[in-house]
Amino acid sequence: MRVTGDDWTRLGDRADRYAHFIGHRAFLRMQDGHCAALAVQPAAGGGLDFFCTIYEHRPQTCRDLGRGSPECAGELAAKAARVAQLHPGLAPPPLPGPHS
Ligand code: SF4
């Protein structure tokens, strides 16, 4: 995912840890098949919890993808197979529905 100059500034001291340059463009680093800023840990009730460790400083693209939005549902549908491959036994995440 692209990291703009504004994103790099917002990341501050975290920029070198979570982003890197490929040629003249910066991108989020990948680790274990996902964004290096994504933490994966066992959930209290089983399964796994996923959360962003730089949420307050995340790039604009992450800010623009609204949780539960049609675009979010599209990402879940497109990438659920990758999550299942990386974390066998984990049920695919439910597609978000309308907020109540
Ligand atoms: S929301 Fe956080 S964990 Fe997800 S892609 Fe953006 S920076 Fe990475």
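The model is a predicted one, so local features are taken only where pLDDT is at least 70 and side-chain atom pairs only at pLDDT 80 or more, while totals for chains, interfaces and linings use all residues. Numbering starts from 1 along each chain, following its sequence as written.

The chain holds 4 helices and 7 strands, taken as DSSP runs numbered from the N terminus (helices H or I with at least four residues, strands E with at least two). Going along the sequence, they come in the pattern β-α-α-β-β-β-β-β-β-α-α. Of the 100 residues, 12% are buried, meaning that 20 or more other C-beta atoms, placed from the backbone, lie within 10 Å of the residue's own. Contacts are pairs whose C-beta atoms, again placed from the backbone, lie within 7 Å. Among those with a separation of 6 or more, 37% link residues 24 or more positions apart.

Now for the strands, which pair if DSSP finds at least two bridges between them. An open sheet of 3 strands runs in the order β1-β3-β2, with antiparallel pairing. Its edges are β1 (2-3) and β2 (19-22), each pairing on one side only. Between β1 and β3 (residues 25-28) there are 2 bridges, and the two strands are antiparallel; here V3 sits opposite A26 of β3. Elsewhere, β6 (residues 38-42) and β7 (residues 48-52) run antiparallel and are joined by 5 bridges. P42 has L48 in β7 as its bridge partner.

The number of buried residues among the 17 of α4 is 0, so the helix lies largely in the open.

As for the ligand, M1, L28, C35, A37, L38, C52, I54, R58 and C62 surround it, each with its C-beta atom, placed from the backbone, within 6 Å. By class, that shell has 8 nonpolar residues, no polar ones and 1 charged. Ala, Val, Leu, Ile, Met, Phe, Trp, Tyr, Cys and Pro count as nonpolar, Asp, Glu, Lys and Arg as charged, and the others, Gly among them, as polar.

Methods. Two residues are in contact if their C-beta atoms, placed from the backbone, lie within 7 Å.
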